[in-house]
Amino acid sequence: MTAALNLPIIDLSSPDSLSSATSIRQACIECGFFYLVNHGVEEELLGHVFEESSKLFSLPLEDKLKLARKQHRGYTPLFSENLDPTSTSKGDSKESFYIGPLDTRSNLNQWPSEDILPSWRPTMESYYRKVLSAGKRLISLIALALNLDEEFFEKVGALNKPTAVLRLLHYPGQLGSTDEEIYGASAHSDYGMVTLLASNGVPGLQVCREKSKQPRIWEDVLHIDGAFIVNIGDMLERWTNCLFRSTLHRVMPAGQERYSVAFFLDPNEDFVVECLKSCCSEASPPRFPPIRSGDYLKERFRLTYGS
Ligand SMILES: O=C(O)CCC(=O)C(=O)O
Ligand SMILES: [Fe+2]
């Protein structure tokens, strides 16, 4: 049996920012995962996101493929991704849909036809804006947690035009019989800064706190109604000189249909990520050279998708 992980719960609306920052610091040093409550994204809106998501994934495959992923926006079919290059599985048993920044200048997003799904786009846009605003507030607490000015990431311009991506995920309940080990999402760590994850409550998410120890020990991350599960990505791990941890996680099939929605909040493409002053010293010099955020992410996607 897998044990459940006891993660701290951070209240985004708490007036005591310093105490929240202290809890975030501890959570990010120890595990890289925590729950976030009172984040300002209404449960009703989240309910609509899952309804609309389910409508999209229920469309015939040929309709979904008309929106196939281009420039990291749109639909990815079942088994098209294998997040764990060491695994021999035929790919992850999930389909997904990516929505990138909503600004009209780039205009790369793909939307299902209004005739078929009239409420889809307004629902996703509204969710995107709300979770982005929660994410920015969270990042100011993360700055405090790193002994930086609350507005540090804003002031250095890291989030002027954030590369924020909403990813709808659908894990089918029934997989059919197979001898192969099938994952919903195989073991990986997220690439960027922070991820805010919500699900429809069907279990499956697991975390491995010690990625270098064998055999790997996996612990369940339980669902809490109304809470986001937040985790640190590899770019923030690098930015903090490995003070904050980007932790390995995966989704195991639970025999029930699982829907989730991940919001990946990353800096502007042009922002150069280099070791934060508060995270290095003579005794602990920077472990990584500076890198443009866009270049870092592009390389990670190339390794996952080949493009
Ligand atoms: O669906 C989930 O619960 C997790 C998804 C995930 O880890 C990811 O998309 O990076
Ligand atoms: Fe992930």
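Q: Which residue in E10 is the bridge partner of Thr195?
A: The partner of Thr195 in E10 is Asn231. As for the labels, helices (H or I, at least four residues) and strands (E, at least two) are DSSP runs, numbered from the N terminus.

Q: What kind of model is this, and how are its residues numbered?
A: This is a predicted model, in which local features need pLDDT of at least 70 and side-chain atom pairs count only at pLDDT 80 or more, while totals for chains, interfaces and linings use all residues. Residues are numbered from 1 along each chain as its sequence is written, chains are lettered from A and ligands numbered from 1 in the order in which they are written, and side-chain values use heavy atoms, leaving out hydrogens and water.

Q: How do you know that E7 and E10 pair?
A: Two strands pair if DSSP finds at least two bridges between them. E7 and strand E10 (residues 228-232) have four bridges in the antiparallel sense, so they meet that rule.

Q: What is the strand order of the open sheet of eight strands?
A: The order is E1-E2-E10-E7-E12-E5-E4-E3, with mixed pairing. Strand E1 (9-11) and strand E3 (74-76) are the edge strands, each pairing on one side only. From one strand to the next, the twist averages 25°.

Q: What makes E4 a partner of both E3 and E5?
A: Three bridges join E3 to E4 in antiparallel fashion, and Tyr75 has Phe97 as its bridge partner in E4. Five bridges join E4 to strand E5 (residues 163-171), also antiparallel, and there Glu95 is bridged to His170.

Q: Why is strand E4 called mostly covered?
A: Five of the five residues in E4 (residues 95-99) are buried. Buried means under 20% relative accessible area, exposed over 50%, and partly exposed in between (1.4 Å probe, protein chains only). Glu95, Phe97 and Ile99 point one way from E4, Ser96 and Tyr98 point the other way, and all are buried. In a regular strand the side chains alternate between the two faces of the sheet.

Q: Are Asp190 and His249 buried or exposed?
A: Asp190 has 6% relative accessibility and counts as buried. His249 is buried too, with a relative accessible area of 6%.

Q: Why do E6 and E9 count as edges of their sheet?
A: The open sheet of four strands has the order E6-E11-E8-E9, with antiparallel pairing. E6 and strand E9 (219-220) each have a single partner strand, so one side of each has no neighbour in the sheet. E6 pairs with E11 over two bridges in the antiparallel sense, and Ala185 has Val251 as its partner in E11.

Q: Why is the Phe153 and Trp239 pair called edge-to-face?
A: Rings of Phe, Tyr and Trp (its six-membered ring) pair if their centres lie within 6.5 Å; planes under 30 degrees apart count as stacked, over 60 as edge-to-face and the rest as tilted. The whole structure holds eight aromatic pairs. In this one the centres are 5.2 Å apart and the planes stand at 70°, so Phe153 and Trp239 are edge-to-face. Phe153 sits in helix H5 (residues 152-155) and Trp239 in helix H6 (residues 234-239), so the pair ties together parts 86 residues apart in sequence.

Q: What makes the pair of Trp239 and Phe271 tilted?
A: Their ring centres are 5.6 Å apart and their planes at 50°, so the pair is tilted. Both Trp239 and Phe271 are buried. Phe152, Phe153, Trp239 and Phe271 form one aromatic cluster.

Q: Why is H2 called oblique to H4?
A: Helix H2 (residues 43-57) and helix H4 (residues 120-145) pack at about 135°, with axes 10 Å apart. Axes are lines fitted to C-alpha atoms, for helices over the stretch in contact, and angles run from 0 to 180 degrees between N-to-C directions. Angles under 35 degrees count as roughly parallel, over 145 as roughly antiparallel, 65 to 115 as roughly perpendicular and the rest as oblique. That makes H2 oblique to H4.
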